[in-house]
Amino acid sequence: MRYKILGKTGLEVSELAFGAIQLTRIEEKAAIDLVRMAHSEGINLIDTAHNYFNSEEILGKALKNIRKDMHIITKSSKRNKKEFLSDLNTSLKKLKTDYIDVYLFHSVSNADEIEEVVNSGLPDALVNEKKKGKIRHIGFSCHSSKIAHRFFEIPDFSVLMIPLNFITTEYVEKKLYDRFIKNNIGLLAMKPFGGGRLSDIDLCFKFLRLYPEVITVAGMQSVQELKQNIELVNKDDIPDKKDYKKIKKITEELGTRFCRQCGYCMPCEEKGIDIINVNFIEVYYKQFPMDEFWKLGLEQKVETARECIECGKCSEKCPFELDVPQIIKHNIAFFESLKKPGK
């Protein structure tokens, strides 16, 4: 395993980070064994979040006796100080650790959310927790590049988790990417395989190698996936002409319905459709534990989504010019193809 310095944090981290959300899809013992195998293979960076089901509890058990070798990323989606700090303390308890290496504001993806975070005093509160030693570095996970400029105004901002794959490239447009590198921001790539929508994993890794400063965070739930990802991350080849032809073809096939979950299409003005959650049904199904997937209330969301009148207002607001009603239709059809347990 090769290692890099994660921006201004100074942390020496493996080029492949372990995304832990999918650990919740397998039995606990298998999950613990998988984390320990990743450690033995040299992975020393692991990503989770307060709301990733029982992921933190699994990691608390898996990292026993090896915590000193691992760097932990976790996150909170809360937007007020009391709940946010409660999440932090709960995470510390579940992870059985005294400190978090990288603590992120989870999924801050539009202008209203970043202003809510700034105005709540949360950044200052987190700096205070850093002084106490509970966290070491502060950052954001974000699906939209349009608010990236605001992150640079946050005290102690040092890490950003971004969606990055050969379709989702907004964060590596030259001007913005150069600013991250110039400011020595630690960059983490989430959804490197498009939330399970991109099946050519080798091609995904080739593309990511074009951005050597970025650490790939890959969700894994099996020994096979772990070994495959380690093998591919240790290669050095980048896309050639044939690969770019593949990328072009895949992008043409998926590009018009490849939702980034940025939220700019919301709210649905006509029918109150929960566009974001409806349009990620297929991704949720591939990432979440089955019992949790069926707790998301998707049946009612789909029922509401069936009332879509295809007015096009959501598409007009989409910064990626996606045909949002068609994505809604695709996910409704996918949901209808599933069989709910017990039925």
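**Charges over rings.** I began with Arg179, whose charged end sits over the ring of Phe152 at 3.9 Å from the ring centre. My cut-off for this was NZ of Lys or CZ of Arg within 6 Å of the ring centre and within 35 degrees of the ring normal. I found Arg197 placed over Phe258, also with 3.9 Å to the ring centre.

**Ground rules.** I am reading a predicted model, where local features need pLDDT of at least 70, side-chain atom pairs count only at pLDDT 80 or more, and totals for chains, interfaces and linings use all residues. Residues are numbered from 1 along each chain as its sequence is written, and side-chain values use heavy atoms, with hydrogens and water left out.

**Ring against ring.** Phe152 came up again in an aromatic cluster, which it forms with Phe84, Tyr103, Phe105, Phe140, Phe151, Phe157, Tyr171 and Phe180. How many aromatic pairs does the structure hold? I noted 20 aromatic pairs. I paired rings of Phe, Tyr and Trp (its six-membered ring) if their centres lie within 6.5 Å, calling planes under 30 degrees apart stacked, over 60 edge-to-face and the rest tilted.

I then looked at Tyr284 and Phe288, which are stacked, with 4.9 Å centre to centre and 20° between the planes. Tyr284 has 9% relative accessibility, so I put it down as buried; Phe288, at 11%, is buried as well. Here buried means under 20% relative accessible area, exposed over 50%, and partly exposed in between (1.4 Å probe, protein chains only).

The rings of Tyr285 and Phe293 have centres 5.3 Å apart and planes at 80°, so I logged that pair as edge-to-face. Tyr285 is partly exposed because its relative accessibility is 28%, while Phe293 is buried at 1%.

**Pockets.** Which residues lie nearest the centre of the largest pocket? I was pleased to meet Tyr284 and Phe288 again, listed there with Lys191, Gln261 and Gln287 among the 47 lining residues. I used a 1 Å grid over the protein atoms alone: a pocket is an open set of points where a 1.4 Å probe fits, with protein on both sides within 12 Å along at least five of seven lines, and lining residues have an atom within 4 Å of a point.

The volume of the largest pocket is about 1,200 Å³, taken as the space filled by probe spheres set on the points, which are joined across faces, edges and corners. Its lining has 19 nonpolar, 20 polar and eight charged residues. I counted Ala, Val, Leu, Ile, Met, Phe, Trp, Tyr, Cys and Pro as nonpolar, Asp, Glu, Lys and Arg as charged, and the others, Gly among them, as polar.

Elements that each supply at least two residues of this lining include strand S10 (214-219), helix H9 (223-233) and helix H12 (281-287). I took helices (H or I, at least four residues) and strands (E, at least two) as DSSP runs numbered from the N terminus.

The second largest pocket comes to about 190 Å³. Of its 13 lining residues, Lys4, Glu15, Leu208, Arg209 and Pro212 are closest to the centre. By class I have six nonpolar, one polar and six charged residues for this lining.

**Salt bridges.** My rule was a side-chain nitrogen of Lys or Arg within 4 Å of a carboxyl oxygen of Asp or Glu, and the count is 31.

I picked out Arg67 and Asp101, joined by a salt bridge of 3.0 Å, N to O. They sit 34 residues apart, Arg67 in the loop between helix H2 (55-62) and strand S5 (71-76), and Asp101 in strand S6 (residues 100-105). Are they buried or exposed? Both Arg67 and Asp101 are buried.

Lys130 meets Asp156 in another salt bridge (3.2 Å, N to O). Lys130 is partly exposed at 28%, and Asp156 is partly exposed at 38%.

Last, I noted a cis peptide bond from Met266 to Pro267, with omega near -5°.
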